[in-house]
Amino acid sequence: MRIFEPHIHMVSRVTEDYEVMAAAGVELILEPAFWLGEPRKRLGTFLDYFDSLLGFEVTRARNYNIEHVCTIAINPREANNRALAEEVFPHLDAYLKNDRCVGVGEIGYDDITEAEEEFLRRQLDLARVHGLPALVHTPHRRKAYGTARTIDVCREVGFPIDRLLLDHATEETVKMILDSGAWCGFTIYPNTKLTPERATNMLLEYGVDRMMINSSADWGPSTTMSVPYTCVEMRRRGIDAATISRLVWDNPFAFYNVTGRLSKLKAW
Ligand SMILES: [Zn+2]
């Protein structure tokens, strides 16, 4: 089964991770722009990072027959450095025109501050202007409140809800997200946060329409293999191969191909 991994931070991984993912059937990955552990202090480090998402990581992935695309944004955490975020903001436009950039993200709330909300609104506007989907990080603390607030902001700025992906959903937020008309993402970790078992419970309950699963594989304890591992769990629990294929390929492809940029990459 071929897999599109729609949220993975390869910048924090070693090259062997690409090899292991390729062996498990991963053919396409999306790396959203986020933070780099150490807070950035200058504009140039943002721009070099964006360049690496559109340059070096693409080459690193290609060595394993994996296509690498990205989303670009000022992440919620670093939106709190307002002065620096203001410097970065005017540069986003040029990156969003790149064919390998298929959305705006990660945006949203982390600590649910005023600065985070301001950059959420402004970047949803940017996504609308560019006709791109938006990848939203929902906060790990006060998740239900942050998710509801994000849906409200999306409506207030007139961003089309069917182009909004609310990621890091849990049992607490899945129903609210699906009821809103947005897409719902489950970020799956080996032990902490959401496990393959819990994600499968929700997929059995709610089905796979407007759903995606991903690994994130960021700086904390994580694996690049959460999507293949969850496929194994779903099969074990009786979900058929065609349904799993919709979840791990058709859904993320349809969501991120709204501009046709994924279709342009190659004959899939
Ligand atoms: Zn992320």
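This is a predicted model: local features need pLDDT of at least 70, side-chain atom pairs count only at pLDDT 80 or more; totals for chains, interfaces and linings use all residues.
Pro-32 stands opposite Thr-71 in β3. Residues are numbered from 1 along each chain as its sequence is written.

The strands concerned are β2 (residues 26–32) and β3 (residues 67–72), which pair in the parallel sense over five bridges. Two strands are said to pair if DSSP finds at least two bridges between them. Strands of a sheet pair through backbone hydrogen bonds, either parallel or antiparallel. β3 also pairs with β4 (residues 101–108), in the parallel sense and over two bridges; here Ile-72 stands opposite Val-104 in β4. Of the six residues of β3, five are buried, a residue being buried if 20 or more other C-beta atoms, placed from the backbone, lie within 10 Å of its own.

These strands belong to an open sheet of eight strands, with parallel pairing and the order β1-β2-β3-β4-β5-β6-β7-β8. At the edges stand β1 (3–5) and β8 (211–214); each has a single partner strand, so one side of each is left without a neighbour in the sheet. From one strand to the next the twist averages 25°.

Two packed helices are described by the angle between their axes and the distance between the axes. The axes of α5 (residues 82–96) and α6 (residues 114–130), which are lines fitted to C-alpha atoms over the stretch in contact, come within 11 Å and cross at roughly 10°. The two helices are therefore roughly parallel to each other, a term for angles under 35 degrees. The contact involves residues including Phe-89 and Leu-92 of α5 and Phe-119 and Leu-126 of α6, where contact requires C-beta atoms, placed from the backbone, to lie within 7 Å.

The whole chain may now be considered. The protein chain contains twelve helices and eight strands; helices (H or I, at least four residues) and strands (E, at least two) are DSSP runs, numbered from the N terminus. The radius of gyration, taken over C-alpha atoms, is 17 Å, close to the 18 Å that the globule rule gives for 268 residues, so the chain is as compact as a globular protein of that length. The globule rule is 2.2 Å times the number of residues to the power 0.38. Of the 268 residues, 44% count as buried.

Terms used
A residue is buried if 20 or more other C-beta atoms lie within 10 Å of its own, exposed if 12 or fewer, and partly exposed in between; C-beta atoms are placed from the backbone. Axes are lines fitted to C-alpha atoms, for helices over the stretch in contact, and angles run from 0 to 180 degrees between N-to-C directions. Angles under 35 degrees count as roughly parallel, over 145 as roughly antiparallel, 65 to 115 as roughly perpendicular and the rest as oblique. Two residues are in contact if their C-beta atoms, placed from the backbone, lie within 7 Å.
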